[in-house]
Amino acid sequence: MMENAAAGLEDAVMEALAGRSSARVLILCGSGNNGADGYALARKLVSSKIAVSVAICGEPKSELCKIQKSRAENTPVEFLTLEKLLNYEENPQAFDLVVDCIFGSGFHGSLPDDISKLIEKINSLEAFRISCDIPSGLDMLGNFSGTVFHANLTVTMGALKLALVSDCAKDCTGEIQLVNLGVQRELFESCVPDDENKDKFFLLTESDMRFPFRNKQNVNKGSFGHAVFVGGEKIGAGVIASSAALRLGAGLVSLVDFKNQNRCGDKITLGENGEWKEDGIIPYEIMCTKEMPENTKSVALGMGLGRDAEISSYEKWMETHPAIPTVFDADIFYNKSFEKILKKRSDEKSATVLTPHPKEFSVLLENCGLGKYSVAEILRDKISLVEKFCASFPNVILLLKGATVLIAQKKSGEKTQMFFNPHGTNALSKAGSGDVLDGLIASLLAQGYETLDAVKSASLIHAFASQRITPDFSMTPFSLMRAIQAISFL
């Protein structure tokens with residue numbers, strides 16, 4: 001298996017160096033089996049006429065590491081001590097590529113000072129950087145304290161690691177590539193410490209994304225559901241969500257004003273494509289009403305609602321329509337009566353989706369009596385806190401936003417399942433992108449998707465659309481919607 005691991009690393013190195021007539025590679029080797037992979041890689045690269053230097057970042061301790069180092073010593077590999085590399089007299093930019101084989105997935109704590117200094121130096125180079133299995137400094141939960149190796153590519157061995165899909169990891173893993181070690185991937189990924197964790201974590205891919213393409217002709221707008229959005233203090237949020245719902249196939253979309261303030265007649269500065277218009281009004285295709293339509297198929301509530309909003313009208317409606325799928329977001333999490341709503345909807349008959357970002361999740365946990373946590377604590381312990389919430393509110397689907405989106409649900413009598421969506425980009429860090437996501441989910445729910453399928457597909461559509469936004473700082477909610485139309489043809 002170690003030879004297969006080294007071969008996978010070799011392929012990655014050769015691909016990164018493709019087109020170069022000559023190249024110089026530096027491999028950082030630790031004292032364990034990650035270091036052994038590095039020594040084996042050095043031996044393979046030398047045979048390909050590549051100049052290889054190996055930095056000994058710790059004398060071998062594992063038997064495999066000792067064996068692989070001994071084999072590498074019989075080749076024309078240049079060996080450098082850590083001290084020599086830290087004080088390297090040559091131009092450090094002389095290395096075209098650096099491979100990190102120092103620490104593996106079992107690492108915890110902080111890097112030793114000398115290793116930390118070395119990695120800081122390597123991170124500053126222009127060289128292409130590859131990590132073996134997991135970037136050194138990243139722990140098994142995907143967190144790091146202090147320095148971490150910043151890879152352009154992480155070549156992970158045998159199976160994906162949970163640490164690689166954390167929010168923190170997204171800034172240091174680069175592209176993730178899986179290497180087959182000659183044993184079925186499923187065997188690695190099912191080798192978890194106990195039965196409780198088996199079949200619990202899942203990585204979402206493009207193949208999980210399902211668009212609502214229409215395969216019948218004898219239809220009308222009612223055939224594709226009626227998505228309803230509850231308006232409030234900031235009417236623009238409801239307009240964005242409603243517009244997104246229409247663009248993902250909902251046949252009818254309504255914006256409801258329970259407080260009878262006629263807000264739906266207000267002028268707003270949104271044109272139909274999101275451009276600035278002094279005389280803009282709510283797009284004509286969005287219906288405005290003061291009560292819930294009779295043919296409502298899904299509801300979205302919370303975006304732009306106002307933190308002190310009165311929601312008794314919705315609660316009264318919900319009492320008689322408990323099975324209508326509902327998406328909750330934003331301001332609703334600050335409402336003191338929300339815990340009561342959640343408890344009523346924590347059954348198999350009620351399709352309920354929550355889409356908080358970490359700060360809102362912090363508020364949600366506190367208001368539901370599950371503890372007070374900072375945003376930093378939520379990012380560090382995301383999996384355990386999500387599981388804690390799901391255990392208290394079975395059947396509710398939680399979509400926790402972040403650099404990697406986490407979707408979780410605990411059905412009654414079953415274990416919590418968690419689905420990771422790492423495909424979004426930093427373009428989504430913009431006001432209105434969450435409203436678009438809510439609209440996409442509500443749209444698919446209105447069209448009859450199973451709740452979990454709707455959430456997974458909408459999240460993936462949202463994420464892959466963000467990849468088409470260039471430059472990344474320029475995204476608006478409506479440019480994101482246009483990108484959705486583009487990815488539907490991929």
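User: Where does the charged end of R214 sit?
Analyst: The charged end of R214 lies over the ring of F224, 3.5 Å from its centre. A charge sits over a ring if NZ of Lys or CZ of Arg is within 6 Å of the ring centre and within 35 degrees of the ring normal. R307 also places its charged end over a ring, that of Y334, 3.8 Å from the centre. This is a predicted model: local features need pLDDT of at least 70, side-chain atom pairs count only at pLDDT 80 or more, and totals for chains, interfaces and linings use all residues. Residues are numbered from 1 along each chain as its sequence is written, and side-chain values use heavy atoms, with hydrogens and water left out.

User: How many aromatic pairs does a search of the whole structure find?
Analyst: A pair of aromatic rings is described by the distance of the centres and the angle of the planes. Rings of Phe, Tyr and Trp (its six-membered ring) pair if their centres lie within 6.5 Å; planes under 30 degrees apart are stacked, over 60 edge-to-face, the rest tilted. The search finds eleven. In one of them, F202 and F419 have centres 5.1 Å apart and planes at 20°, so this pair is stacked.

User: Is F419 buried or exposed?
Analyst: Buried means under 20% relative accessible area, exposed over 50%, partly exposed in between (1.4 Å probe, protein chains only). F419 is buried at 7%. F202 is partly exposed at 29%.

User: What kind of pair do F328 and F338 form?
Analyst: Their centres are 5.1 Å apart and their planes at 70°, so the pair is edge-to-face. F328 is buried at 0%, and F338 is buried at 1%. Ring pairs link Y314, W317, F328, F333 and F338 into a cluster.
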